[in-house]
Amino acid sequence: MSLKIDHKKLIMRIPGTGNFITLDNEKCTLCGRCLIICVMNLWKKSDDRVHLVDDYASHCLECGACYQVCESGAIDFRYPAGGTGIVYAKG
Amino acid sequence: MENYDVIVVGAGPGGSIAARESAKKGLKTIFFERGRKPGEKNSSGCGLGPRMWRDFDFMTELTPEDCPSLRPGAAARNYLVNNDGEVSGYLMTKPTDSVTYEPARSWITMNCYRSEFDPWLAKYATDAGAVLKTSTLVTGLLKENGKVSGVIDEKGNKYSGLVIGADGAISMVARESGLRQRWEQEQVTIVPQYDFECPPSKIDDVMGDEALAVWWSATFPAAYQVFFNDGFHIGLGNWMTWWEKNPMHYLNQVVALKYFQRQIRILEAKPREFQVHLLPWQGQPHDTHADNVILIGDAGGFPCPLEAEGIYPAMVTARAAIETAVEAISAADVSKEFLNLYDAKWRATSVGEEFKTGPELASIWKALPFSPLKTMSWFVPMLMEIIGGIFDWSEPHAVRVRQIARRVKQYLPNAIPFIMREVIPLLTAILGEENMNLLTDPEKLIAAMPELEEAIARSFVENDMEEK
Ligand SMILES: Cc1cc2nc3c(=O)[nH]c(=O)nc-3n(C[C@H](O)[C@H](O)[C@H](O)COP(=O)(O)OP(=O)(O)OC[C@H]3O[C@@H](n4cnc5c(N)ncnc54)[C@H](O)[C@@H]3O)c2cc1C
Ligand code: SF4
Ligand code: SF4
């Protein structure tokens, strides 16, 4: 039997991050890069509009990939408050 | 406002060495970490390179008491995964006879988790007198007359001093100082990885000292596997816009390999943690400093252009930055022009030597492991044909050699342009043009190629019957 992994269950977070990613739909060109790159699938597209899922702050791994790939500057990313968010015990 | 000589943003390997060297030089130093302790936000392969032991004397003090996860990567397996997604062979390598010093002769990397290593390193900085503020996000740069004068943290506390940006791939310091909003898409990679736990005795029995592996593949970008005392990482990376599908699709392809599944069964391995991190990977660092600001380690884009070893370069650039800071502070000149000295200093190190052939090294990596479909799809079968083809009892060996040669000939239309575009420029950069001309003139080679191909083709034509 082959082992399949649900990576979304293998993360540990400290709550209290607040909001740290914002999207400006006016600037979004619908290029779709954020949708491909986010390993947690936190970016969605519906009715020709991209959005970040509501509870992203409790799943986001703070990698910044969405910010890095968005060349139109629609995505702003800052790290969450010190001492909160993702914890890698075996990084 | 609190006044310091040097303010370091980030307590990874770069930040901790910068803080340590700075404090040791008698400079008033503070360093910040957004995690509750250093290391808990970071993920690496994580193999420490032997140059760390050669160039930083305290490294010999690293013991399993400090870092229980330590395991030497004394040998490396290179698996070759073919177009059908099967392991078609592997090659084990160890440090070779030409390696000149210890511990590089004993192991390729020393493996341990960042959650153990980073706090251990940070202690050398605090012991030297630097102040460490954890659970503290630095949110911006202070500016006076448009020039950076210090930093501000999330609580609004202000600190003045020379700013060292050791804040990793997504660097606030680079952004706020105007050095870089974001990387070019082919200057940085995304690297997801799984951590698996498994009993240490299983790793000893199954892997022995082969505590490193690269899975070179025609179906996913090359994956690495690094064994620790009681577990291992398996991960892979590629440039941001080189993914046709979500990166997890490719990482899960590695996990789904029959060979890998068998390995985790016999190792009794279980997935324990998932991590993802960006990793700068480029041919040439640039925009490394501004007025009163120096970027080191990942923030400056210093991981090795071939294999992205980044911990040693972070430590080396930290040292170069502090040597520069000492001179700047005593000259009372922290202008960008004065800080050009930083580029001269890191270029004179082992890291600078690596970047002398940086563009060529990055290019060959891009063309090989980062191009599974384009290059590895013929490279893997060609290599395996040569390595695996001879020791075969299906025909008399002379017949086998001809069969192999005919097969290899099919790959030549791919292999020759690859050698011309990637291998020759790299050799030229390493040897210098004059020596390269002695060895072989690329123009002469190109001119001779059609004849050579024709000769190979003709010499095997009469034996074509054997194929049928
Ligand atoms: C998956 C993966 C595998 C790798 N494998 C290897 C390997 O095997 N060997 C190797 O040598 N290299 C490896 N690397 C590269 C290596 O991890 C990096 O090059 C190295 O960590 C760079 O060190 P640094 O100190 O510059 O930055 P980092 O280690 O990224 O440290 C930056 C620190 O700054 C903190 N920080 C960031 N922003 C702020 C802020 N605003 N305020 C306060 N704190 C902040 C972060 O929390 C972090 O602790 C790997 C990288 C990845 C992603
Ligand atoms: S990457 Fe930016 S521009 Fe492209 S779809 Fe996402 S938000 Fe829109
Ligand atoms: S930071 Fe990373 S994990 Fe978080 S939303 Fe962006 S891409 Fe996804």
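**View 1. Polar contacts of ligand 1.** A backbone N or O atom of Gly45(B) sits 2.6 Å from a nitrogen atom of ligand 1. A polar side-chain atom of Glu33(B) lies 2.6 Å from an oxygen atom of the ligand. For Asp298(B), a polar side-chain atom is 2.5 Å from a ligand oxygen atom. The protein covers 94% of the 1000 Å² of accessible area that ligand 1 has on its own (Shrake-Rupley method, 1.4 Å probe). This is a predicted model: local features need pLDDT of at least 70, side-chain atom pairs count only at pLDDT 80 or more, and totals for chains, interfaces and linings use all residues. Residues are numbered from 1 along each chain as its sequence is written, chains are lettered from A and ligands numbered from 1 in the order written, and side-chain values use heavy atoms, without hydrogens and water.

**View 2. The shell around ligand 1.** The site is shared between chains, because residues from chains A and B surround ligand 1. The shell (a heavy atom within 4 Å) has 38 residues, with Ser44(B) and Arg114(B) among those that come nearest. They divide into 17 nonpolar, 14 polar and 7 charged. β17(B) gives the largest share, 3 residues.

**View 3. The largest nonpolar core.** This core has 64 residues (buried Ala, Val, Leu, Ile, Met, Phe, Trp, Tyr and Cys joined through side-chain atoms within 4.5 Å; buried means under 20% relative accessible area, 1.4 Å probe, protein chains only). Ile21(A), Tyr194(B), Trp215(B), Phe232(B) and Phe274(B) touch the most other members. Helix α6 (residues 247-256) of chain B supplies the largest share, 5 residues (helices are DSSP runs of H or I, at least four residues; strands are E runs, at least two).

Notes:
Buried < 20%, exposed > 50% of the residue type's maximum accessible area, 1.4 Å probe, protein only. Polar contact = N/O pair within 3.5 Å; in protein donor to acceptor, adjacent residues only side chain to side chain. Nonpolar A, V, L, I, M, F, W, Y, C, P; charged D, E, K, R; others polar.
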